Amino acid sequence: MSTAVADRELTAMDRCDSCGAQAYVRVVLESSGGELAFCAHHARKVEARLRPLAASWQDETDRLRETPAAASED
């Protein structure tokens with residue numbers, strides 16, 4: 001897996017491997033280099049088991065609290 005893929009921001013196209021919702025966490029496994037994606041709910045559910053096996057844990061769940069900019073009235 002390329003570093004560029006592991007470091008890029010997750011988008012609406014990235015889906016949770018457990019339920020298909022938008023992914024906000026990407027996990028790269030140390031042993032295989034495989035990549036898993038999770039919604040915030042499922043990331044919390046598997047974190048205790050996967051953290052020790054992860055080469056990287058990209059958590060973008062803080063984006064869930066962001067408020068979108070107000071649309072301008074042009």
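A polar contact here is a pair of N or O atoms within 3.5 Å; within protein, one of them must be able to donate a hydrogen and the other to accept it, and residues adjacent in sequence count only if both atoms are side-chain atoms. Keep in mind that this is a predicted model, where local features need pLDDT of at least 70, side-chain atom pairs count only at pLDDT 80 or more, and totals for chains, interfaces and linings use all residues. Residues are numbered from 1 along each chain as its sequence is written, and side-chain values use heavy atoms, with hydrogens and water left out.

Let's start with Arg 26. You'll find Arg 26 in strand E1, residues 25–29 (strands, E, are DSSP runs of at least two residues, numbered from the N terminus). Arg 26 counts as buried because its relative accessible area is 0%; buried means under 20%, exposed over 50%, and partly exposed in between, using a 1.4 Å probe and protein chains only. The side chain of Arg 26 makes a polar contact of 2.5 Å with that of Gln 58, and another of 3.1 Å with that of Glu 35.

That pairing with Glu 35 is also a salt bridge, with the closest N and O atoms 3.1 Å apart (a salt bridge is a side-chain nitrogen of Lys or Arg within 4 Å of a carboxyl oxygen of Asp or Glu).

The structure holds four salt bridges, so let's look at two others. Asp 14 pairs with Arg 8, the closest N and O atoms being 2.8 Å apart. Asp 14 is buried at 11% relative accessibility, while Arg 8 is partly exposed at 32%. Then there's Arg 63 with Glu 60, where the closest N and O atoms sit 2.4 Å apart. Glu 60 counts as buried because its relative accessibility is 9%.

Glu 9, Asp 59, Asp 62 and Glu 66 form a negative patch. Patch residues have over 30% relative accessible area and no salt bridge, and like charges are joined within 9 Å, with the place of a charge taken as CG of Asp or CD of Glu. One member, Glu 66, lies in the segment after strand E3 (54–59). Glu 66 counts as exposed because its relative accessibility is 54%.

Terms used: Patches are made of residues with over 30% relative accessible area and no salt bridge: like charges are joined within 9 Å, nonpolar side chains (Val, Leu, Ile, Met, Phe, Trp, Tyr) within 5 Å. Accessible areas come from the Shrake-Rupley method with a 1.4 Å probe; for residues, only the protein chains shown count as cover. Lys and Arg count as positive and Asp and Glu as negative; His and the chain ends are not counted. Helices (H or I, at least four residues) and strands (E, at least two) are DSSP runs, numbered from the N terminus.
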